[in-house]
Amino acid sequence: MSLIDETTAVDPAAPTTEVVHSGKPVSRFSLVMSRLRRTPRFWVGAVGLGLVVLWAIFGLVPNAWNYTDLDIYNMGSSPSALHWFGTSDIGEDIYAQTIVGLRKSLIIGLLVGPLAAIIAGIVGAVAGYLGGWWDRAIVWVIDLLLVLPSLFLFILLSPIFKQLSWVALIFLLAAFGWMIMARVIRAQTRSLRERDFIKAARFMGVDTWTIIRRHVLPNVSSLLIIDATLGVGGAILSETTLSFFGFGIQAPDVSLGTLLAAGQTAAATRPWLFIFPAAILVITVLCASLIGDALRDAVDPTSGANRD
Amino acid sequence: MIGFIAKRFINYAILSAIATLSAYVLASIILNPAARYLGRNPRPSDDTINAILDGLGVNPNTPVIERLWAWIVRLVTQGSLGDTIHNTSVISEMTARAGTSLRLLILGTILAALVGVALGVWGAVRQYKFSDQAISFASFTILATPAFVIGILLMISATMFNNLLGIQLINFTGEYTAGLDGGWWVLFWDRAAHLLLPTIALALMGAAGYSRYQRSAMLDVLSADYIRTARSKGRTRGSALVRHGVRVALIPMSTYFAYSFATILAGAAVTELVFSWHGMGEMLVQAISQSDINAFTGAILFNAVLILIAGTLSDVVYAALDPRVRV
Amino acid sequence: MTERPTQVIDAHGRRAQGAPGTQAGNTPSSMPNRLLEVRDLSVTFPQPGREVQAVRGVNYHVDKGEFLGIVGESGSGKSVSSLAVMGLLPSSARIGGDILFEGKSLLGRSDKDMSRLRGDGISIIFQDPLSALTPVYTIGAQIAEALQLHDSKLSRLAANVRAVELLKVVGIPNPERRAQAFPHEFSGGMRQRAMIAIAIANNPRLIIADEPTTALDVTIQAQILEVLQKAKELTGAAVVLITHDLGVVAGNADRIAVMYAGRIVETGTVDQVFHQPSMPYTIGLLRSMPNLATAGHQRLVPLEGRPPQLDNLAPGCPFAPRCPVAIDACRTTEPPLAMVAGDPLNASACLRVDEIARGSLERAHLYPVPEPVPAAERAEVEPEKVLEVAGLKRHFPLTKGSVFRHTIGTVRAVDGVSFQIRSGQTLGLVGESGCGKSTTIMEILELAKPQAGLVSINGTDVATLSAKERRALRRDIQVVFQDPMASLDPRLPVQDLVAEPLTVHGVPAAERRRKVAEVLELVGLEPAMASRYPHEFSGGQRQRIGIARALVTDPKIVVLDEPVSALDVSIQAGVINLLADLQEKLGLSYLFVAHDLAVVRQIADNVAVMYLGRIVESGPSEAIFANPVHPYTRALLSAVPVPDPTVERSRSRVILEGDLPSPTDAAGGCNFRTRCPLYKLIDPAGQEQCRVKDPEQRPVRDSQVACHHAERIELMAAGTVPAAPNEPVAPGPLGEPGEPGQHGDPAGPRPSHT
């Protein structure tokens, strides 16, 4: 009963007793990271893609052949100690060619994915935040580009960029690879716009561009990162398909697509010409999309929960 | 509901029209139909080339706007899409090829949708169990494989299969065996056998995408309150998921179908090329490589009309599934 | 679970047998009247790296036909324990203890086995009626489904007929037609009625209602509670009502169990728990709640701290860190639920229960009453007009048509609202959702020229401002939003969040830092916390950050948009006290928007009651709460449950019929007459007046009232209005189908046909 004495009035202006009791709550970032770490898919993808990139960088070092070398004594040979992936009809070393092709495909993918995501983020955020005529016009352009399969547009435009270097292909792929994501970002921005913290900023008098830069884009950044990751695989697929049909990378440049085109005719009889580049291609894209999917599950807490 | 579908139809119709017209303009700017004649030996005179190009309505000396106008007027008044560079009418070329493409597209899409939806639902219900992991991994692998690689891999396995059996059971080059004699039945079987691999290739790609999407749509539904309500009424979990869950999870699929159809079209074109089918995809690619503006526009129009139909169809399905849009 | 003693006294005073979790599964209950018996129930959700013990040894029972209220804040385990009874927990949950229904154990049964019982023996009503009904099936079909699942011989036709009957029972007008409607065509209250129809379809013996009125407005809540009572009478079922609102159970339940941190900490009859609570948590909760009967006269007593995280419980009583009378033993042993004064129905989990019961620890003085702000710190303000709103209108076109969009009507979200606030004063703007109160404050905060009317701040008409002047004026008017999580950008640290209004006005960085530290201290947060991110704070602390941000520009007016309604009851008091103190220290003016009348009464000097875009009654807080003269105000006040069973029992309720009509074009006359209880009591000539003439605001007694017959308001109090209008609600012209749902404010319900 003496305890009652302890509880005399406290200063109401100092109600700091409402402090955090349990351990320090985790931030969103570390939460995503810890979820990622628990996802086997993420590890498969990350380790796989890491190995592929390392291999693309250092894989040529132990190989005796360069990708332009012709071994006229071993034309059309099957995989051997000398030519690890075999040789083509004119004696090109498939191992060296695969690595060089992979480098190009990787560069294209790793640049196009983020580039398209940036376009998607800006266009989507502007359309979603501004609304009105801006929104309608942008959505129309997006819909139009979705109606015309982009593959056909690439083929149509191929006469132009065939004359330019393969770098032009990067911009072309990015220019037509942002639409679906822009729609997602737009939808997300529209719901963000109704959120109180954006309203609060508006009522404080913060101007539109600052709101987009300071509040909208950081809050859709997780979507953009996912998109950039998934875009890597998508861009590599587009590039190889174009190159396969002769509309993409042009000789003397080599990409996985041109390599597969060269190996296509012999696919059934000398499978190594086709199988090795194809396998590398599939593994690369698969790893990128596994990372992207694991990211999506980690960012969206409801998408991965075990519920029933 | 009629209003909703009419609105969406008009929206798609305008989109398709603009897409076709911009394709015509783009093609007219980029492609150079004269180049084909300049390389000939003996080189035809400029007048001759001009006359030929004028006849086709693709002379680069005429302003693009004028050519576009002429193209529209001809389409509206005569119902003609002009002539190809080989002096056949684009329409007749399209009728010869459309059936081939449609056969592949319709079969492949239906198969893809059925398999994809079933696998997606199964994967979601069995989330993180072995079957879900297997389906997911298979879907990812297929989605990571370009269409042409799938086609070629299927052909390699068919060859190995045929070699193993010692007979030519699965034919895959072209749409039919040239010069095959026999009754209607024999010809039908021949075409069906040729259809097998391309359809599988297309259906695999579609099903992989659909199953991923259906899985996540279904996962959203699994935790929905109304599933809990259905169970609280006395349904078992399985029955609540089927009766209440799948029905709702199909709604987003109908929208996804419209958006994925363009991808399917591109996939179908690639498949046709790989299997040497003379379909619309081949027509489109050939038109570009031969700088044939009229044929290209015709092929794009074909695709645009298909997207118009697919889009409207998906809206009809959407309105039928979701009472909230029936106004 | 580890610290719990093996011998536990359960809620009914018997000693539970054996160690927890080892009780024999099928011991038939000794009491023949016992319907449900929950014995030492524990529910654990395994999560990667940790385990969340949502329910930790809960014992309670429900007798046949009894009404048990389970009260607790969010996270107390009240819903989880009821889902465990239904067998609807996720398969990952680990369940211990036992649940007996009619003497038979429910645990360990197969899903198929349980599904035969669910909906037949036990049924449940969920909180959010929008998401709880399948959107693609008609209401009728969903009721018929419940019937057919338990009666395979019932034909589809017969099931449909019975479904219509059930809809009629729960008071849905026009049941034949409404059975064909889809859930999205129903308003929130009607959906909840449909949920009740599903729940009672098979005459269950037990109905569990899990926060059935939390998502609803107070007048609709009163309707639903009536329907629930009626359903109980019709079926003779026992009811378990789960809620966070002590007021809701006070008038309805026979017995109450209070849950905290996954356990029942106090149980007893309604009168015992409300009048002689013996657990400090219950005492604190009752003291901290703004109460319509007492609010405004005394300062609220805050219950500081927050409930513990259930994944990492420290040993000892989980309430000890917040308990003002905790002793050392409380921090080492978790007290069992022990009988109070030998009454088998009354039990409390507190080591000092005897002292409290004996009165040696006085309930009234258990918690320190916070001191008011000393006179020296109070700001002196001139009583000048700081905010004036006159004839403010905001109409939205209601469009229809998919191909060619055309306007078919006007949503009169705000339709001629006038009020003024003087410095140092608080105006409480109250009304149900959809009444236009949010639209009103958004219109004011835009600082733009309104569609019609005048908004004037510090005597400046905002319509005349240039962009630069407008920005400068924003310093004077700031806003605090409802949801502290949603109103703080999760990506920015507190320093940047609070300083954001200053950056707009170009205040240098050093000055910003100084100012942020100052306001953080003012709202009771440590300035050192400025580098942390919002997620590191509790709900109450986040709202303090929101308040700090509003104060950083030294505003004259702060618009408070439901500032405490997203907070748990025990947290609310602290924030309300803070707001009151800040007002006195800084001489602020508040525009306080809320639906909770008790909170408004606690803080407001003047009150304006909104209905369908109009202010129907306004005046000094005292006058309005003591003697409302508009029939709507009177109905609204009577619908608010008071956390006092004696008061609740003696009150006669005015229950409004039907839903809030859509605020589209009114057909002339008074727009409240479709639901007006007074209208029905007025002579035909008077009714004619209501139909034809739109009532103007006029002074009646101490307030401004927009009612032709305000002088005859006593007709209502004379008891001529039946307290329980159980007859089906008459379909009014505005209660017809096709109206937009009454949820959300009219900025929202513009039908979107995209």
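Start by colouring chain C by pLDDT: its average is 84, and 89% of its residues score at least 70. The model is predicted, with an ipTM of 0.85 and a pTM of 0.82.

Next, select residues 1–29 of chain C, where pLDDT stays under 50. Where pLDDT is low, predicted coordinates should not be read in detail.

Now show the strands of chain C. Eight of them form an open sheet with mixed pairing, in the order β6-β7-β8-β3-β9-β10-β12-β11. Select β6 (122–125) and β11 (338–340) of chain C: these stand at the edges with a single partner strand each, so one side of each has no neighbour in the sheet. On average, neighbouring strands of this sheet are turned by 30° against each other, direction ignored.

Stay in the sheet and select β7 (residues 206–210) and β8 (residues 238–243) of chain C, which pair in the parallel sense over five bridges. For one such bridge, pick C:Ala209; its partner in β8(C) is C:Leu241.

Finally, move to where chains B and C meet: 26 residues of chain B are in contact with 30 residues of chain C. On the chain B side, select α1 (2–30), α9 (225–233) and α10 (237–274), the elements that give two or more residues. Of these, α9(B) gives the most, with eight residues. Coloured by class, this side of chain B shows ten nonpolar, six polar and ten charged residues.

Definitions and conventions:
Residues numbered from 1 in each chain as written. Chains lettered and ligands numbered in written order. Predicted model: local features only at pLDDT ≥ 70, side-chain atom pairs only at ≥ 80, totals over all residues. Contact = placed C-beta atoms within 7 Å. Helix = DSSP H or I, 4+ residues; strand = E, 2+ residues; numbered from the N terminus. Nonpolar A, V, L, I, M, F, W, Y, C, P; charged D, E, K, R; others polar. Pairing = 2+ DSSP bridges. Axes fitted to C-alpha atoms, helices over the stretch in contact; angles between N-to-C directions. pLDDT = per-residue confidence, 0-100.
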